[in-house]
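Thanks for making time this morning. I would like to walk through a few features of one model, going from single residues out to the whole assembly.

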There are 2 protein chains.
Amino acid sequence: MDGLMQERELLISDILGFAARYHRGAKIVTARPDGSTVHHTYPQIHARAAKLANALKARGVKPGERIATLAWNDHRHLELYYGISGIGAVCHTINPRLFPPQVAFIVKDAEDTHLFVDPMFLPLVEGVADAIAGVVKTIVVLDDKVPDSKLGNRFEVVDYESFIAPGSERIEWPRFDEKTAAALCYTSGTTGDPKGVLYSHRSTVLHAYAGNMADVTGHRSVDVVLPVVPLFHVCGWGIPYQAPMAGTSLVMPGPRLDGASIYRLCEQESVTGMAGVPTVWMGLLKYLRESGNRFTNPPRLVVGGSAMPTAIAVAFEKEYGVVIRHAWGMTEMSPLGTINMPKVENANWTTDERLAHFKSQGRPIFGVDLKVVDDHGNEVANDGKAFGELLVRGPWIASSYFGRPNDPNFTADGWFRTGDVVTIDQSGYIEIVDRAKDVIKSGGEWISSIELENIAVGHPAVQEAAVIGVNHPKWDERPLLLVVAKEGETPTRDELLGWYQGKVAKWWVPDDVVIVDSLPHTATGKLLKTELKKRFADHILPAA
Amino acid sequence: MDGLMQERELLISDILGFAARYHRGAKIVTARPDGSTVHHTYPQIHARAAKLANALKARGVKPGERIATLAWNDHRHLELYYGISGIGAVCHTINPRLFPPQVAFIVKDAEDTHLFVDPMFLPLVEGVADAIAGVVKTIVVLDDKVPDSKLGNRFEVVDYESFIAPGSERIEWPRFDEKTAAALCYTSGTTGDPKGVLYSHRSTVLHAYAGNMADVTGHRSVDVVLPVVPLFHVCGWGIPYQAPMAGTSLVMPGPRLDGASIYRLCEQESVTGMAGVPTVWMGLLKYLRESGNRFTNPPRLVVGGSAMPTAIAVAFEKEYGVVIRHAWGMTEMSPLGTINMPKVENANWTTDERLAHFKSQGRPIFGVDLKVVDDHGNEVANDGKAFGELLVRGPWIASSYFGRPNDPNFTADGWFRTGDVVTIDQSGYIEIVDRAKDVIKSGGEWISSIELENIAVGHPAVQEAAVIGVNHPKWDERPLLLVVAKEGETPTRDELLGWYQGKVAKWWVPDDVVIVDSLPHTATGKLLKTELKKRFADHILPAA
């Protein structure tokens, strides 16, 4: 028997409509590249998103059509989020930091018909013009004019303000099935081609509700939130949806994400909360220390994207009264999975106890089912020590990749393999130990390459370190330590291996060390272990 | 084009499963009728709900079957919420304060096959035994024994602990369509028979997400919430779902809702938040004043169900540091519709300004669309002055009543007529002015009967007052004031009508006054204006 409740679809257009109607007092501030700011209200953003939507429809954009963005965080990008998804088309945010061939691959894979591009990314588009000319028809420059460019020979090129000008600011947003695709993001994997994740209206609205829960990021109408995380990074972690849902004010930082710019914007606009990756907060901390500046009202920070050293969180809280929450998610997860918020069991911890616990990526948010399994698919002990691969499922987690129906990341029984190796404790707090492909499988047991690397970089003579598994006749794999020495230092094999004594179990200690000149990285700065594994595949480990 | 997200249904069983898995440290405290307490954890509640579910299945309870409760707030009632809904049956909570014939009507209308009854409500069931014998098969006494009763002649009677004993505490909760019916509540209308509202799993989970948003009730894992609102009052306003979703501890007060008991429980269990109707808070305030007791840590309160006098909120905050939030909802709305939380526009109000604004029932929660319309269906000005009937729609709002497909409360274009007459301001804050059926329609304009009654009871000689519209040849309706005088007082017509001078527009002043001995009320204490309208239908108003 069905309930007798209204069949009201969860649609993204309702979020902005709600904010425009009931949260007229909130502000949407955009920092321009020159440092000046421009202010809008939700009714204004709604009117401009409607103009965009009407313009897209008038140009024949159809439901399901992919429309791409290459842009920083500003009010126009926010309008694109709503104007495109609102009419049932797909807002495809592209990461402009990717290598140009990846950008070209992504545009072609998604079959984007329109590119909405910040002026500063036009050279990037020019560089891939040949590759994408068969797919893209129109390039819209996110400005009120079009700069000189050769793109006009291959594409229709128009500025954003002219593009939306003919559209009416009145709209009756269409209603359709909430499972309709709304947004598309590509993973920037370290191996293989990027893969697209296609979010639905339903998944996006549910994820926004979850994000607004008091124990998650909990945005309120009285808050002013600055997403340092780019809108091309997994839907800006959901903030462009959470904020209008709660009537929260937004401060869009544009391209200037250095510590000084962020600090100034924060103070100027009375920001209460920010979200971003570790690099940003390290830059901000450096700026605060060098400038001697302090926050008038310390904002709350959320950090995700990669693990942040505990020392940074300690410095922020103890020196500046700024509390940072560690969160974890993935492109395939919309992205929110876990957040390190206190629980009744640890509510009375001292500041030091709490800060020591910062390194955990947190506990699951309702809507995300977790399981941590060993090689045989059996759940490991929830004791904070045993580790295994993390599998997740839930209504805002991908079921497959765009155009790739049979990816092995998705299990037959409905779980997504995150590729992260974690521990999980009795309270549900997880801690990422390694990536599944990097973990070293020695005699049926797992060794964390990351933990061994962290120990190595603690050695005074080590600049950078990587640990990889190499084949071993008896143990299957054994760890090999690769080290870049600090300038002028010449650490020895015995010195480096001796450094592990007492820090890990004996069988975790690497079998050998190679001093190298440099280590290879991806475009986003991650170690390229696949390449190292190839290079050292034939490395002969010394007999024990 | 559909998104590529997992098709994971929103099911109520996932909420308790989540709490049992990740929130083992939270407590569920039940106050027994004798004042002692019993503690459980979410894993224990989950295990007992599983035993109940398995017992129900073993007895042949089918999906969609209605299973009723007549019970106060305790851990067993919480188990019933999950054990019944979890297997796809419908948890039908009955208000034991209704008149017995209404209880009998409701049981028959719902076709409840099982009644789960607190021992103290067995006399009520005995009183309606004849009427319900054809429908109900089994009566389960919510205790570990069955007291003496004649019910055994007509029904299978068993105690709850024996009932669940054979069931396993392990369960794989079934998965089914999220639109499946989960819970049933009847309205206690002032006119006509009670009408059933049938909630779905989807509506219930969405409503719980919304309730947990930081700007709504915002429960957190570190909170301890005491629902004074009974679990038979619109699903306990969603708290039985919101709390486990957030890992929040619950304190279940049982039948003792007097100020002293609530205060003691609050202090003993370090309660951080409570929710209930105005009467409860008035009782608590009276107790605090008489006893001289104060809260060690003042809890946050939410008030709903009917309008609470601002003076009570002022007293709580100024005398006891207790902040009360006004909320509004209806049985047909799951119930959350609006809540009076601050916004950016009024974040800097002084305490006095904020308290003066307490009387507003608040602003809409995302998921609830509002519109306020006049007699012709046109939206009134959002100026905080014009008033009209409030219409709502959204995914947790009823589409029709159980077994009554064509009720005029539901419009053809998908809105639910709340029957409340409200003002709404630019910021979306509403204030209830009257019930639509009680508002007096004079010359095409509306007059609030409630406002005229509130003014009348401010007169020193008036004990209670009612204002109704009576037919008028020229103005259609004009207000008639009915007054119960205070003992020993004999207010005159001129005195009472003169009292309105300067307090309302001249054309709002009642045309006549009748002094009566008493006024008729419903079981829940509301004025029975339908009866008054019948009684005074032929009242001749004096010529102006």
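B:Glu111 has a relative accessibility of 47% and therefore counts as partly exposed, where buried means under 20% relative accessible area, exposed over 50%, and partly exposed in between, with a 1.4 Å probe and protein chains only. B:Glu111 sits in the loop between helix H4 (100-110) and strand S5 (114-117) of chain B, and its phi is near 55°, a positive value in a residue other than glycine. Helices (H or I, at least four residues) and strands (E, at least two) are DSSP runs, numbered from the N terminus.

Before going further, please keep in mind that this is a predicted model, in which local features need pLDDT of at least 70, side-chain atom pairs count only at pLDDT 80 or more, and totals for chains, interfaces and linings use all residues. Residues are numbered from 1 along each chain as its sequence is written, chains are lettered from A and ligands numbered from 1 in the order in which they are written, and side-chain values use heavy atoms, with hydrogens and water left out.

B:Asp476 also has a positive phi, of about 70°, although it is not a glycine; this residue belongs to strand S24 (residues 476-485) of chain B, and because its relative accessibility is 53%, B:Asp476 counts as exposed.

Which peptide bond is cis in chain A? The bond from A:Ser334 to A:Pro335 is cis, with omega near 5°, and A:Pro335 lies in the loop between strand S14 (324-329) and strand S15 (336-339). In chain B, a cis peptide bond joins B:Ser334 and B:Pro335, with omega about 10°.

Turning to the fold, chain A has 16 helices and 25 strands. Its radius of gyration is 24 Å, close to the 24 Å that the globule rule gives for 544 residues, so chain A is as compact as a globular protein of that length; the radius is taken over C-alpha atoms, and the rule is 2.2 Å times the number of residues to the power 0.38. Of these 544 residues, 60% count as buried.

Finally, the two copies: chain A can be laid on chain B with an RMSD of 0.2 Å by a turn of 180° and a shift of 0.0 Å along the axis, which is the relation of a two-fold axis. The superposition is by least squares on the C-alpha atoms of residues with pLDDT of at least 70 in both.
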